[in-house]
Amino acid sequence: MDEARNKQARHFSMIRGFHLADWITLANALCGTGALFSVMTYLQQQSPEHLLLACGLIPLALLFDVLDGQVARWRHAQSALGRELDSLADVISFGVAPAAIAYGAGMQGMWDRVVLGYFVACGVSRLARYNVTAEQLKGESGKVSYYEGTPIPTSLLLVLVLAVAAWTGALGPALWLGVVHIGPWQLHPLVLMFALSGSLMISRTLRIPKP
């Protein structure tokens with residue numbers, strides 16, 4: 001009996017070991033997850049307020065993303081676990097969720113899906129590269145002085161564009177820039193902003209100073 005209890009205690013030890021910053025990071029992930037649920041509700045009910053809610057949760061996720069780093073530095077509680085949690089949360093909130101919002105807004109052609117998939121893949125690759133090279137990029141101060149490529153939270157700019165589209169009713173067939181046919185598949189030119197964003201994220205020549 002005692003051995004079973006000890007195993008159960010070890011099973012939950014990871015959660016007990018979370019720092020305050022880690023819980024804030026989870027709030028970031030929950031915002032992204034909530035955005036995904038809101039997009040699905042919009043697709044079911046076609047009520048624009050649900051798509052607007054999805055867009056609104058992304059800036060909130062960014063707030064938590066900034067706050068968790070500040071809290072970790074303030075409490076001197078930075079860890080490898082926290083860094084991995086942050087990357088996984090960012091993939092949801094600033095990678096998958098914006099792509100899902102774009103799909104809900106009307107970018108549903110097969111070429112659109114290819115571009116949105118590319119965007120998410122770039123975001124995942126960008127975060128993985130940062131985690132691997134962070135130690136190498138640290139200067140004399142012991143901190144990373146610049147980002148290689150644009151950080152994935154910059155996808156908030158894409159979400160803001162989609163929020164304006166939702167607010168003005170430019171969704172589905174009314175989506176800005178219309179639709180073109182390339183071969184048997186459709187492409188909404190507006191989706192190309194996701195292609196540009198993804199390409200900037202994986203650029204190694206573009207260096208963004210890190211505050």
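## Talking through the fold

Colleague: Among contacts in the chain with a separation of 6 or more, what percentage comes from residues 24 or more positions apart?

Modeller: This is a predicted model, where local features need pLDDT of at least 70 and side-chain atom pairs count only at pLDDT 80 or more, while totals for chains, interfaces and linings use all residues. Numbering starts from 1 along each chain as its sequence is written, and side-chain values use heavy atoms, with hydrogens and water left out. A contact means heavy atoms within 4.5 Å. For residues 24 or more positions apart, the share is 75%.

Colleague: In what order do the elements run from the N terminus?

Modeller: Helices (H or I, at least four residues) and strands (E, at least two) are DSSP runs, numbered from the N terminus. The chain has eight helices and four strands. Their order is α-α-α-α-α-α-β-α-β-β-α-β.

Colleague: Which residues does Ile 101 contact, leaving aside neighbours within four places in sequence?

Modeller: Ile 101 is one of the core residues with the most contacts. Its partners are Val 39, Leu 51, Ala 54, Cys 55, Ile 58, Val 159 and Leu 162.

Colleague: Is Ser 197 buried or exposed?

Modeller: Ser 197 sits in helix 8, residues 192-201. Beyond its neighbours within four places in sequence, Ser 197 is in contact with Phe 119, Thr 150 and Leu 158. Buried means under 20% relative accessible area, exposed over 50%, and partly exposed in between (1.4 Å probe, protein chains only). At 8% relative accessibility, Ser 197 therefore counts as buried.

Colleague: And what is the relative accessible area of Ser 155?

Modeller: Ser 155 lies in the loop between strand 1 (146-148) and helix 7. Not counting residues up to four places away in sequence, Ser 155 touches Phe 94, Pro 98 and Phe 119. Ser 155 is buried because its relative accessible area is 0%.

Colleague: How far apart are the C-alpha atoms of Pro 189 and Gly 178?

Modeller: Pro 189 is in the loop between strand 3 (185-187) and helix 8, and counts as partly exposed at 22% relative accessibility. Not counting residues up to four places away in sequence, Pro 189 touches Leu 177, Gly 178, Val 179 and Val 180. Pro 189 and Gly 178 are eleven residues apart along the chain, and the separation of their C-alpha atoms is 7.1 Å.

Colleague: Which residues does UniProt list for "transmembrane region"?

Modeller: The entry is unreviewed; UniProt positions are in the numbering used here, feature names are shortened, and annotations may be inferred rather than shown by experiment. Residues 156-179 are 54% helix and 0% strand, with end C-alpha atoms 23 Å apart. Residues 185-203 are 53% helix and 16% strand, and the end C-alpha atoms there lie 28 Å apart. The record lists residues 20-44, 50-67, 156-179 and 185-203.

Technical notes
A nonpolar core is a set of buried Ala, Val, Leu, Ile, Met, Phe, Trp, Tyr and Cys residues joined through side-chain atoms within 4.5 Å.
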